[in-house]
Amino acid sequence: FPVTIAFGTADFSYMGWAKATTAGGYLFQWDNPNSASGIRISMFNSTTVRVTVTSVVDRDITYSALTGTWNFFVVQRVGSIIYTYINGVQIDSFSNTTNLSGTDKVLTFGYNGNSTLNLALWRVSATAPSADQIKKIYNDEKALFQENSKAVLYGTSTAITTVVGVS
């Protein structure tokens, strides 16, 4: 089903988990494939995260241990600042007021042929969580990504509160 994700100049956030044995490929991208206008984040190499807004590379961020382990990524805009977090810690910020709108864009995850890229629990929001909320989300979810971890779904409701599309 088509979904319009056009934040304009408002706040937004993209967050989720990624693991790759080799670098390369986009964790996510929301753009027009013909014009490369939008936002994307990639594991550029084994120690560099690349955050791109529109067709300009805005930031190459050095972070050790990107490959071979699960990492929790958050890219969000609050006001006119884009923040990048890895594993609950803010690692970069920069000013950006790009109008991220248009109906010609497509949201894709795990794009660009990196067959070693694994993704989990990705979400997109028209709000931006606080630094404390990001740290809490990371701490709540990190146990799911430890070797031999187990998870249990519980509760009394059969209502579906989240829909995840897989193609």
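## Sheet, helix and cores in a predicted model

Val49 touches Ile41, Ser42, Arg59, Asp60, Ile61, Leu66, Phe73 and Ile86, leaving out residues up to four places away in sequence. Val49 also belongs to the largest nonpolar core, which holds 25 residues. Tyr14, Leu27, Ile39, Ile41, Val49 and Phe73 are the members that touch the most others. Strands S1, S2 (26-31), S3 (38-45), S4 (48-53), S6 and S7 each supply at least two residues of this core. A second, separate core has 9 residues, among them Phe72, Val74, Ala120 and Tyr138.

This is a predicted model. Its mean pLDDT is 82, and 82% of the residues reach 70 or more. Residues 163-167 stay under 50, and the model gives them 1 contact beyond four places in sequence.

Five strands form an open sheet with antiparallel pairing, in the order S8-S7-S6-S1-S10. S8 and S10 stand at the edges, each with a single partner strand, so one side of each is left without a neighbour in the sheet. Neighbouring strands are turned by 15° against each other on average, direction ignored. The residue ranges are as follows.

| Strand | Residues |
|---|---|
| S1 | 12-19 |
| S6 | 71-78 |
| S7 | 81-86 |
| S8 | 89-95 |
| S10 | 118-125 |

Helix H1 (residues 131-141) lies across S1, S6, S7, S8 and S10. H1 runs at about 160° to S6.

**The S7-S8 hairpin**

S7 and S8 run antiparallel and are joined by 6 bridges. They form a hairpin with 2 residues between them. Asn87, in the turn, has a positive phi of about 55°.

**Ser13**

Ser13 sits in S1. Is Ser13 buried or exposed? Ser13 has a relative accessible area of 3%, so it counts as buried, the limit being under 20%. A polar atom of the Ser13 side chain lies 2.8 Å from the backbone oxygen of Thr127. Beyond its neighbours within four places in sequence, Ser13 is in contact with Val75, Gln76, Arg123, Val124, Ser125, Thr127, Ala128 and Pro129.

Technical notes: Residues numbered from 1 in each chain as written. Predicted model: local features only at pLDDT ≥ 70, side-chain atom pairs only at ≥ 80, totals over all residues. Heavy atoms only, no water. Pairing = 2+ DSSP bridges. Helix = DSSP H or I, 4+ residues; strand = E, 2+ residues; numbered from the N terminus. pLDDT = per-residue confidence, 0-100. Contact = heavy atoms within 4.5 Å. Buried < 20%, exposed > 50% of the residue type's maximum accessible area, 1.4 Å probe, protein only. Polar contact = N/O pair within 3.5 Å; in protein donor to acceptor, adjacent residues only side chain to side chain. Axes fitted to C-alpha atoms, helices over the stretch in contact; angles between N-to-C directions. Core = buried A, V, L, I, M, F, W, Y, C linked by side-chain atoms within 4.5 Å.
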